[in-house]
Amino acid sequence: MEATFLAQNFVPIMFGGLLVLLLTGFPVAFALAACGLGFGFIGMEAGLFPPSLFQALPLRIFGIMQNDTLLAIPFFTFMGIILQKSGMAEDLLETVGQVFGPVRGGVAIAVILVGALLAATTGVVAAAVISMGLISLPIMLRYGYSRVIATGAITASGTLAQAIPPSLVLIVLADQLGRSVGDMYAGALVPGLLLVGLYVLFIVVVAIFKPAMVPALPPEARIYREANGKSGHVSLAFLLILCTVVGYAWASAHDSIMMAWLDRTQAAPGDEVVIMSMTVASLVALGLAIVNRLTGMGLLSKLAEQVTFVLMPPLILIFLVLGTIFLGVATPTEGGAMGALGALILAIGKGRLGKALLNQALESTAKLASFVLFILIGSTVFSFTFNAADGHIWVEHLFVDMPGGAIGFLIVVNLLIFILGCFIDFFEIAFIVIPILAPVAEKILPGLVPGMTPDQAMIWFGVIVAMNLQTSFLTPPFGFALFYLRSVAPKNDYKDRVTGENIRAVTTTEIYKGSIAFIILQLIMVAAIIMVPSLVTGGLQEGVKIDADAALEQMLESESQTQDEQADDLKPEGEEGQEDDPAKALEAEMKAEKK
């Protein structure tokens with residue numbers, strides 16, 4: 001009787017056991033492994049599994065350790081830590097703040113744009129939120145920004161690291177969904193940029209209708225001025241126009257250049273063209289700034305020169321990493337290695353790469369990589385027993401008769417991930433929940449949109465999950481980004497060192513209120529991705545369809561021609577070959593059978 005009850009309820013009991021272990025505070029990686037092994041042995045003792053259940057487990061674990069895709073995680077982590085610790089965030093915030101500071105909401109827009117850049121370089125939410133909280137929050141408080149807008153902009157822009165390539169979340173999701181990291185990056189690029197645009201649009205709307213909430217920087221706070229007192233924005237605008245023209249010219253010629261270089265026969269996808277065009281435009285801007293400084297020609301204003309030297313190097317690094325991945329020249333792992341090397345070169349160029357910084361970056365990278373690997377091993381042990389108990393079928397039965405079909409499945413999954421994201425880290429969600437839901441998604445989602453392939457459906461699903469995880473980072477009271485900002489926001493009243501005025505402390509309630517508007521924007525973006533899958537799949541190339549019969553005929557014909565040429569070279573002059581060609585005979589026989 002007990003064995004029958006255990007057999008019928010093994011999967012839910014196993015889930016309950018995992019929940020109990022997690023609630024005790026036991027480390028997630030070891031809780032997963034302990035649950036998988038413990039219930040595996042219980043199942044063997046009850047006769048549910050064969051005694052040889054775990055014989056293949058060592059091979060699975062060694063397979064994880066040999067996974068080349070996961071090597072991208074330490075490379076991108078190292079790249080982000082080097083750039084962040086070398087003062088890139090401070091330089092970017094100061095410079096971009098000077099560019100947008102003269103307009104209302106300019107500092108908040110600068111925070112959002114820098115947050116997007118940090119997302120594409122550091123890839124870690126904590127680093128982005130803490131950096132901007134330490135640097136930009138005091139500036140916004142000093143000049144009278146609404147605390148709700150200031151804290152919301154910082155926390156929301158920090159969470160962009162979840163969805164903008166090269167995100168660690170996207171690497172892990174691609175691995176767990178069994179899809180290409182490059183395709184996952186391509187699918188997430190447009191939604192990530194649209195979300196940045198939504199944030200900026202929100203600040204612009206606030207500046208129009210509630211200008212007192214987002215004041216402009218006063219003239220005395222603008223540090224880059226020309227000798228004649230001008231701000232230098234005109235020179236910056238001309239440089240931007242020139243770079244736009246160069247980028248457009250490259251975009252027009254991209255296909256012909258790439259076809260000649262890579263022997264391509266198909267047109268390049270849109271995301272590749274955009275990335276490469278921006279790379280060329282950035283290189284032109286950097287080249288002009290270098291020539292201007294070396295020659296002293298005065299072609300660029302101080303502001304334009306500063307923006308170019310601060311903004312272009314990390315941008316070029318990001319574009320080169322993503323561009324080589326999108327071009328197919330490098331794998332994500334190779335792109336990550338190139339990014340890590342580029343970050344070291346940039347840090348050396350700024351004179352900020354010391355032994356302490358290098359040791360700190362290596363130590364942090366090793367800790368994060370070990371953390372990911374242990375969780376992945378634990379989740380593999382858990383899923384090994386889970387799948388042996390036909391848990392994937394049990395999960396599929398939960399969703400198969402759900403009202404709303406595939407849309408109902410997406411809504412429930414998003415609610416589940418949204419709630420879990422408030423309590424546990426995205427790595428844990430990716431390694432526990434995604435392997436369970438992926439088989440169901442692969443079965444249900446392709447039929448939702450006519451013409452959508454299973455690969456496109458799973459990339460679409462992965463981007464939805466990544467955007468949802470980003471939303472959960474902001475949700476009160478458990479959003480991690482809110483806690484990161486709370487740790488660096490002033491807890492007591494203080495005297496500002498510039499203005500000498502007394503600044504009131506930032507309360508936790510103000511941080512929570514600030515996140516609400518941005519949560520709504522993120523939910524709008526999640527809904528838009530669900531309703532318009534082409535936002536994701538539009539950047540993915542469909543596989544080339546091959547006519548098997550035509551390909552075989554072409555292959556046989558080519559082989560026949562090659563053999564004829566070889567025979568002509570070998571036979572004496574004037575002698576005609578009398579033997580039949582086997583390839584031709586096979587080709588004739590196949591054609592006769594078709595007729």
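These questions and answers cover helix packing, a pocket and a cavity in a predicted model.

Residues are numbered from 1 along each chain as its sequence is written, and side-chain values use heavy atoms, with hydrogens and water left out. In this predicted model local features need pLDDT of at least 70, side-chain atom pairs count only at pLDDT 80 or more, and totals for chains, interfaces and linings use all residues.

Trainee: How do helix 10 and helix 20 lie to each other: roughly parallel, roughly antiparallel, roughly perpendicular or oblique?
Mentor: Helices are DSSP runs of H or I with at least four residues, numbered from the N terminus. Axes are lines fitted to C-alpha atoms over the stretch in contact, and angles run from 0 to 180 degrees between N-to-C directions. Helix 10 (residues 168–177) and helix 20 (residues 454–472) pack at about 140°, with axes 10 Å apart. Under 35 degrees is roughly parallel, over 145 roughly antiparallel, 65 to 115 roughly perpendicular and the rest oblique, so helix 10 and helix 20 are oblique.

Trainee: Is the crossing of helix 10 and helix 11 left-handed or right-handed?
Mentor: Helix 10 and helix 11 pack at about 125°, with axes 9 Å apart. A crossing is left-handed if the near helix is turned anticlockwise from the far one by less than a right angle, and right-handed if clockwise. The crossing of helix 10 and helix 11 is right-handed.

Trainee: Which residues of helix 11 make the contact with helix 10?
Mentor: From helix 10 come Leu170, Ile171, Leu173, Ala174 and Leu177. By class, this contact has nine nonpolar, no polar and no charged residues. The helix 11 side is Val181, Met184, Tyr185 and Ala188.

Trainee: What is the handedness of the crossing of helix 6 and helix 14?
Mentor: Helix 6 (residues 88–100) and helix 14 (residues 302–327) pack at about 140°, with axes 10 Å apart. The crossing of helix 6 and helix 14 is left-handed.

Trainee: Which helix gives the most to the lining of the largest pocket?
Mentor: A pocket, on a 1 Å grid over the protein atoms alone, is an open set with protein on both sides within 12 Å along at least five of seven lines; lining residues have an atom within 4 Å of a point. The largest pocket has a volume of about 1,100 Å³, and among its 34 lining residues the closest to its centre are Leu117, Met278, Leu311, Leu315 and Phe319. Its lining divides into 29 nonpolar, five polar and no charged. Eight residues come from the top contributor, helix 14.

Trainee: What volume has the largest cavity?
Mentor: A cavity is a set of grid points where a 1.4 Å probe fits but cannot get out. Grid points are joined across faces, edges and corners, and a volume is the space filled by probe spheres set on the points. Gln98, Pro102, Arg222, Tyr224, Ser231, His233 and Leu303 line the largest cavity. Its volume is about 50 Å³.

Key: Helices (H or I, at least four residues) and strands (E, at least two) are DSSP runs, numbered from the N terminus. Ala, Val, Leu, Ile, Met, Phe, Trp, Tyr, Cys and Pro count as nonpolar, Asp, Glu, Lys and Arg as charged, and the others, Gly among them, as polar. Contact means heavy atoms within 4.5 Å.
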